[in-house]
Amino acid sequence: MTLYIPSPDPTDFASPAWSTTSSPYETSTSVPLSLGGSAKHPLEVPLIKGTKIVDLGDDSDSVWARLQLRFGLSNRSLFRLSICSALLAGVLLGSFVAVVAVLWGHPEGARNGEAWSPSALRGPLYKRHAIAWMPELDGWKPQGVRTRFDVMNRSVWVYRPHGANGHLPAVVVLHGSDDHALKIASTTRFESLADLSKHQFLVILPEMEQPGGISWGYEDDEPFFRAVIDKVAAEYLLIGTEVFVCGHSSGGTMALYLQNNMPEVFSASASVEAGVGHLEQWHNKSSGRPTMVVWNHNDNVLAEFGGRELYDQTLAQLRRHANQLGDFPVMQEALPSGAWEAGKHGALYAQRKVWAPTSDGRQPAVEVVSWASAAPTHNWLNPVRVPGATVDASVLIWEFFRAVSPKPGGGSAA
């Protein structure tokens, strides 16, 4: 249709110059604004000089033209609105791409100790369903060879699994307070796991400077751990990019420290019944390495060191480089906890949580196995140390190390 705008009554204007050429107004006879269709009674329309009549065409005309008529927008305003819309669309698309990159990236980690690249992740952790335990471990006696070495006047045992060929990755296992290297070997059953695993590995068992002592040396122990890995590399066919570290209790606290302060040596870490400590010695600019935390929420020893507060502090420290996209785990998975009896034995529940690495490479992956024992205990989680449980921390840790290993071609621990 055609819209005709009537001219104002001349009496509405007080100025006698209404009809003069110096007036800001002119009169025009029957100036239609064409909207399609026709009109029977055209009316005079006063025009403001310089004003453009916008032809909106028929009902199929553009949205922009309709907005211009509806809201009285100028061409300049429409241009600005178009630019802002395009920028907003770009931001939303960029955010979507960033999320996809975080969840689906396949990274390759830098070994310079500065920024761990999420490309070191062979496959998205959240797509991996954990193998919680291996029944074959029960009753299995290690059949490989364990050898003792002297490194900086300290004992270090290295276990080579039965039937192993070629270059192997390695897992360094650190004992806790009032414990010993060979005892933690028996507790964790890592030597048996190295025998039975499809992907075999060396087990390295260092001793504290003071055997059976309370704590590891942190900064003072860094030269020792470098010397340990150098010794193993000289004696065995070691894959230098697949050296992992884990520990129990104070050994777990040391493992968390080593992945952060020595990322050029260790590719990933895991702690069992341990939180962060000696933070004054941490290099907080370091991105560190992918880390797993196995935490019993009914641990009487952890309760003495803060319990839930220490748990929250540990996660905050390990994920200090995460952005807002990393505030929540990308996956939560219930693990089969087995039979239990309140106050006596077994695990009440077990759950695996995964935080993916950030796309900027500053924040590595973090995984938590959150569980609670039926009776208070500080023991390593497995069916032997926690009777009735069907979750094994060693199996979960090795599977995690395999998942975040920089070497192509991962797999599960089985």
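Predicted model: local features only at pLDDT ≥ 70, side-chain atom pairs only at ≥ 80, totals over all residues.

1. The largest nonpolar core has 43 residues, of which Val172, Ile204, Phe225, Ile229, Leu258 and Phe266 touch the most other members. Beyond its neighbours within four places in sequence, phenylalanine 225 contacts Val172, Leu174, Pro206, Trp216, Met254, Leu258, Met262 and Phe266. Another core, of 41 residues, lies apart from this one and includes Phe190, Phe201, Val203 and Val294.

2. Twelve aromatic pairs are present in the structure. In one of them, phenylalanine 149 and tyrosine 236 have ring centres 6.2 Å apart and planes at 80°, so the pair is edge-to-face. Phenylalanine 149 belongs to strand 5 (residues 145-151), while tyrosine 236 is in the loop between helix 5 (222-235) and strand 9 (238-248); the pair therefore ties together parts that are 87 residues apart in sequence. Phenylalanine 149 counts as buried, at 13% relative accessibility, and tyrosine 236 counts as buried at 13%.

3. Phenylalanine 224 and phenylalanine 225 also form an edge-to-face pair, because their ring centres are 5.3 Å apart and their planes stand at 70°. Both residues are buried. Over the ring of phenylalanine 224 sits the charged end of arginine 154, 3.7 Å from the ring centre.

4. A cluster linked by ring pairs comprises Phe190, Phe201, Phe244, Trp380, Trp398, Phe400 and Phe401.

5. Helix 3 (residues 181-188) has Ala181, Ile184, Ala185, Thr187 and Thr188 buried. Viewed down the axis of helix 3, its buried residues fall within an arc of 165°, so they line one face of the helix. Arginine 189, which follows helix 3, has a positive phi, near 60°.

Technical notes. Residues numbered from 1 in each chain as written. Heavy atoms only, no water. Buried < 20%, exposed > 50% of the residue type's maximum accessible area, 1.4 Å probe, protein only. Helix = DSSP H or I, 4+ residues; strand = E, 2+ residues; numbered from the N terminus. Arc of directions from axis to C-beta. Core = buried A, V, L, I, M, F, W, Y, C linked by side-chain atoms within 4.5 Å. Contact = heavy atoms within 4.5 Å. Phe/Tyr/Trp six-rings, centres within 6.5 Å; stacked < 30°, edge-to-face > 60°. Lys NZ or Arg CZ within 6 Å of the ring centre and 35° of its normal.
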